[in-house]
Structures are given as structure tokens and as C-alpha cells.
Amino acid sequence: MSEVKKLHKEAMHVLKLTSRTFYIPISLLEPTLKKTVASAYLCMRAIDEIEDHEMIEPEEKQHLLNSTSLLLKKEFDVVEYRKLIQPYESILPEVTLRLDDWINVCPEGIVDKVKESTSIMAAGMADWVEKDWLIKTVEELDDYTYYVAGLVGVMLSDIWKWYDNTETDQDLAIAFGRGLQSVNILRNQQEDYERGVSFMPENWNRDDMFQYATNNLKLADEYMKDIKNRNIKLFCKIPLALANKTLKALKNGREKISRNEVEEIVAQVTK
Ligand SMILES: CC(C)=CCC/C(C)=C/CC/C(C)=C/COP(=O)(O)OP(=O)(O)O
């Protein structure tokens with residue numbers, strides 16, 4: 001097997017191990033999009049694992065994220081990156097240690113966009129680590145959800161445009177990301193509370209966050225209307241359907257949806 005093929009296979013393997021939500025939709029994409037979106041997911045997940053790490057001090061996270069953000073702005077210097085993460089090698093996951101590999105999986109015509117989006121996300125995450133994720137206003141919630149999810153939407157829209165000139169609305173793409181992220185916030189609220197983090201603006205209760213999620217997921221439906229390519233449409237439909245179903249389950253007091261329900265939704269969307 002050629003080196004390129006081998007790397008692609010490894011990327012899909014790591015993707016399967018890291019993403020419950022996106023492994024299936026990415027697998028259903030045609031080869032060029034599959035490589036691109038897998039690479040983009042893994043690059044962003046690489047830095048997300050730094051932001052979320054339980055054993056790394058905030059100052060160190062900021063340094064790691066800001067330095068990675070700078071490295072992504074130039075031709076990626078893998079020697080510098082290895083030096084940067086070397087002290088944390090034993091505690092960081094494979095997806096983070098192999099950032100250079102994921103960049104190499106990405107097709108040449110779009111890799112700069114993926115690096116740029118990941119760089120902006122890393123700098124935004126570093127700022128939120130500094131602020132200790134202290135969200136007081138809805139503007140701050142919007143800012144946080146923009147960096148960690150809205151930007152993914154923007155990047156995906158850029159990928160669709162590059163791939164076959166599919167034009168989608170940037171604000172709706174951001175809302176799509178925010179919708180998915182706010183469902184996760186609701187799902188993880190207790191767990192986050194236990195580690196001392198809350199994404200609820202002051203004076204907000206759970207119902208307000210439900211409303212925020214519902215509004216953004218409605219805008220995600222609008223986003224879908226611009227997509228004609230069936231392959232891209234299918235990719236977007238799966239996380240959206242899972243988020244809608246999860247939101248409904250949470251409203252009914254359940255913790256999350258079952259593996260069976262996930263399978264049912266995927267089967268329904270792909271039939
Ligand atoms: C235009 C468009 C499609 C916009 C959507 C943008 C997008 C994919 C944002 C990601 C947001 C998010 C909450 C990811 C983690 O979800 P998770 O915890 O469910 O995923 P995981 O299983 O990969 O951890």
C-alpha cells in the first residue's frame with residue numbers, strides 16, 4: 001500500500017476511535033471530500049483535546065494553543081510542533097500528537113483553509129482558557145460557540161464551495177455549529193458543573209439554553225436548503241438529525257439517546 005493510502009486509512013481509524021457523531025457521516029462522503037473533512041475534523045479535534053485536558057494547567061494550555069495557532073499560519077514546522085508537545089507526549093492522545101499527519105491527509109487545494117480555520121480556533125480556545133470559560137452574557141456564549149463550533153460550519157462551507165461551487169450562507173453555517181454545540185452543552189451540563197465549568201449566561205436557566213439550541217437548529221434547517229449535492233446533504237443531515245433527537249430526549253428528562261436510536265436515525269437518513 002502506498003504511504004498516502006496508508007495515512008488515509010490511519011486517519012479514518014483514528015477518526016473512528018475519536019468521533020461518535022462524525023465517523024459515519026464522514027465515511028459516507030465521496031473520496032476527495034472524505035479526505036478533506038476527515039483531515040479537518042482531526043486537526044480541530046487535535047487542539048480540542050488540549051483545551052479539554054484534565055491534567056494540563058491553564059497557562060500551559062494557553063501556551064500550547066497559541067503556539068500551535070502560530071505554527072498553523074505558516075508551512076507547518078513538524079520539528080517545532082514535536083518540540084512544543086514533547087513534555088506532554090505521555091498524556092496527550094494520538095489525535096493531538098499526529099497533527100502533522102492530519103494536515104498531510106488534506107488535499108493541496110484546501111489545506112490552507114483548514115489550517116487557517118484551525119489556527120483561528122486554537123487562538124480563540126486559548127482566550128477562553130484564559131477566561132476560565134466564565135460566560136456571563138449571551139454575547140459571550142455566542143463568542144465561545146463561534147470559536148468551538150461556528151467556525152467548523154464556516155470551514156465546511158468553504159470546503160463545499162471549493163469542491164463543487166456549492167454556495168451556502170455563512171451566518172447559517174455558524175448557527176448550525178452553535179445548534180450542535182448548545183445541545184452538547186445541555187447534554188453535558190451536570191458533568192461540566194462537577195468540573196466547575198458552566199456555559200450558561202448569568203440569569204439563564206436550562207429553558208433559555210433549550211431555546212438557544214432550538215433557534216439555532218431551525219437556522220440549520222435553512223442552511224440545508226442551499227445544498228443540492230446529495231452527498232454533502234447527507235453528511236449534514238446526520239449530525240442535525242442526531243442533535244434534534246437528542247434535544248427532544250433531553251427535554252423529556254433523558255440523559256442522551258441510545259446507541260439503537262443513533263443507528264435508527266442514521267438508517268432513516270441514509271435510506
Ligand atoms: C455547516 C455545518 C454542517 C455546521 C456544523 C458544524 C459542526 C460540525 C460543528 C461541530 C460542533 C460539535 C458540537 C462537535 C462535537 O460534537 P460531538 O460531541 O457530538 O462529536 P464527537 O462524537 O465527534 O465528539
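This is a predicted model: local features need pLDDT of at least 70, side-chain atom pairs count only at pLDDT 80 or more; totals for chains, interfaces and linings use all residues.
The ligand lies between two domains, because domain 1 (1-129) and domain 2 (131-271) both give residues to the shell around the ligand.

The shell around the ligand consists of 17 residues, and the closest of them are Ser19, Arg20, Thr21, Tyr41 and Arg45. Sorted by class, the shell holds nine nonpolar, six polar and two charged residues. Three helices, α3 (31-52), α9 (138-164) and α10 (170-187), each supply at least two residues of this shell. Of the contributions to the shell, that of α10 is the largest share, at five residues.

For tyrosine 41, a polar side-chain atom is 2.5 Å from a ligand oxygen. In the case of arginine 45, the distance between an N or O atom of the side chain and an oxygen atom of the ligand is 3.0 Å. Asparagine 184 likewise has a polar side-chain atom 3.1 Å from an oxygen atom of the ligand. On its own the ligand has 630 Å² of accessible area, and the protein covers 87% of this.

The helix α10 deserves a separate description. With 18 residues, α10 reaches 26 Å from its first C-alpha to its last, close to the 26 Å expected at 1.5 Å a residue. Since 14 of its 18 residues are buried, α10 is largely enclosed by the rest of the structure. At the N-terminal end, α10 is capped by aspartate 169, a side-chain oxygen of which lies 2.9 Å from the backbone nitrogen of aspartate 171.

Two loop residues complete the picture. Arginine 98 occupies the loop between α6 (94-97) and α7 (99-105). Its relative accessible area is 16%, and because buried means under 20%, arginine 98 counts as buried. The side chain of arginine 98 makes a polar contact of 2.4 Å with the side chain of glutamate 10.

Glutamine 86 is situated in the loop between α5 (78-85) and α6. At a relative accessible area of 47%, glutamine 86 is partly exposed. Glutamine 86 and leucine 97 are eleven residues apart along the chain, and their C-alpha atoms are separated by 8.9 Å.

How values were computed. Residues are numbered from 1 along each chain as its sequence is written. Side-chain values use heavy atoms; hydrogens and water are left out. A residue is near a molecule or strand if one of its heavy atoms lies within 4 Å of it. A polar contact is a pair of N or O atoms within 3.5 Å; within protein, one must be able to donate a hydrogen and the other to accept it, and residues adjacent in sequence count only if both atoms are side-chain atoms. Accessible areas come from the Shrake-Rupley method with a 1.4 Å probe; for residues, only the protein chains shown count as cover. Helices (H or I, at least four residues) and strands (E, at least two) are DSSP runs, numbered from the N terminus. Ala, Val, Leu, Ile, Met, Phe, Trp, Tyr, Cys and Pro count as nonpolar, Asp, Glu, Lys and Arg as charged, and the others, Gly among them, as polar. Domain bounds come from an automatic or database domain assignment. The expected span of a helix is 1.5 Å times one less than its number of residues. Buried means under 20% relative accessible area, exposed over 50%, partly exposed in between (1.4 Å probe, protein chains only).
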